[in-house]
Amino acid sequence: MDKIVIDGGNRLEGSVRINGAKNAALPIMAACLLLHGPSRIKGIPNIVDIQTQSDILRNLGGEVKKAEDGTLEILFRDGENNDKFTAPYELVRKMRASICVLGPLLSKRRRAKVSYPGGCVIGQRPIDLHIKGLTALGAQIETTEGYVNASADRLIGTKISFTGKTVLGTCNVMTAAVLAEGTTTIEYAACEPEVQDLANFLNKAGAKITGIGENKLIIEGVQELHGVDYEIIPDRIEAGTFIIAGAITKGNITLENARAEHLGAVIDKLQEIGVEITASDNTITVKGNDAYHAVDLMTLPYPGMPTDMQAQFMALLSVVEGKSIISEKIFPDRFIHAAELRRMGADIRVDGPSAIIRGTPFLSGTEVMISDLRAGAGLVLAGLVAKGTTQIHRIYHLDRGYERLEERLSRLGAAIKRM
Ligand code: EPZ
């Protein structure tokens, strides 16, 4: 199996281009089920999760083609393949985000059978809120033999009030409601940039969604949606990961195609730590230095600190003098990387949903294992600054969400290779 080997200590310099957002691309691809005619989606990253989503759509009768520049053309022919409504276990087990076909299938094909996504190392991944929202629209849903079986003769707009914020739950209800009869209101909707991107995509296709980026989404049902050309937003988590790569190596790097307005909480916290960050147009520049301070941070729904940046911050704070506390409010068990960072010499104590980090002067390279995508990003960042050689195993997790991470870090001056 492949591994990543890093000789730590190099300062990163240069510029890197940020890819389109994985977590925007996945629900947008699923939403193509709703459209009449082909769509061309630009900016899709070349990562394993996109291949898995393409397989799920092909299994549902979709034609998914990739152009040379990476643009995906997706077409579902109207009236064909209505008997295909299953997302099977073999595909869903590879990627929990495949649950986002539930809303589009129910809306367009009136039936959906999606393998029930299990929990994972980042914690429980319930879908009760997805089910609550779709049921309120008129779907009958039951779970049998490990599958969510949903059907609906009609979907009728209604008022849905989520009791907790859910990104993909909001996406599922939105995609089910765009072609429903009447108006749907989602209160306490997730407002992550990826949810906004899905709403903007649907509006370009003819949907009537207002309140985008706010807590209350209003969706007026329409009769039909058409295929569109669309470019997805840059990946804020990939951008955040590169920013911390610049910061942890005390480097000087520039990110192109990065939107600072999506990274408010991340940039504020890094500036509090002492990292110099400037942003203009779609460019972010990071300058590291020797005088960082310990901080406390708490992950929260957007616009708060993203849980998908927690492991990367933990790597950085492991080498920042003083005591930092990370409180994980989204996935309270998402700390498996802490044990691996400890193997590299970090002083981290996990206490329930919090991690207490006492910065050490240096980390030491050793063999570590990735438990999930973002944990992997955290370990790579730690490896960039550790003394000696770090060998990182189970890098298939990284390939799910980062395109050629080691090549791009190597171009910035890191001594990193895949073996
Ligand atoms: C999305 O997952 C992202 N995935 C995750 O990114 C991200 O960590 C997460 O949102 C939080 O920001 C994609 O967009 C593909 P949630 P999602 O439903 O939608 C609870 C990555 O590394 N909840 O917003 O599945 C849940 O337990 C991945 O790229 C319920 O209680 O997350 C959690 O505490 C990992 N009931 C909170 O809500 C539900 O029905 C937020 O989860 C649904 C969720």
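**Where the domains meet**

I began with polar contacts, and I found six residue pairs of that kind between domain 1 and domain 2, both partners at pLDDT 80 or more. I keep in mind that this is a predicted model.

Next I sorted the residues on the side of domain 1 that touches domain 2: ten are charged, six nonpolar and four polar.

I then looked for salt bridges across this interface, and the rule gave me two. I also noted a salt bridge between the side chains of Asp49 and Arg400, with 2.8 Å from N to O.

To place these residues, I checked the domain assignment of the protein chain. Domain 1 is made of two stretches, 4-19 and 234-418, while domain 2 covers 22-231. I counted who takes part in the contact: 20 residues come from domain 1 and 20 residues from domain 2. The C-alpha centres of the two domains are 30 Å apart.

How much area is buried between domain 1 and domain 2? I wrote down about 1,700 Å², with carbon and sulfur atoms giving 55% of it. On the side of domain 1, the residues that lose the most area to domain 2 are Tyr302, Phe331 and Arg400, which together make up 35% of what that side buries. Arg400 was already in my notes, as the salt-bridge partner of Asp49.

Conventions
Residues numbered from 1 in each chain as written. Predicted model: local features only at pLDDT ≥ 70, side-chain atom pairs only at ≥ 80, totals over all residues. Heavy atoms only, no water. Domains from an automatic or database assignment. Contact = heavy atoms within 4.5 Å. Buried area = accessible area lost by both parts, 1.4 Å probe. Salt bridge = Lys/Arg side-chain N within 4 Å of Asp/Glu carboxyl O. Polar contact = N/O pair within 3.5 Å; in protein donor to acceptor, adjacent residues only side chain to side chain. Nonpolar A, V, L, I, M, F, W, Y, C, P; charged D, E, K, R; others polar.
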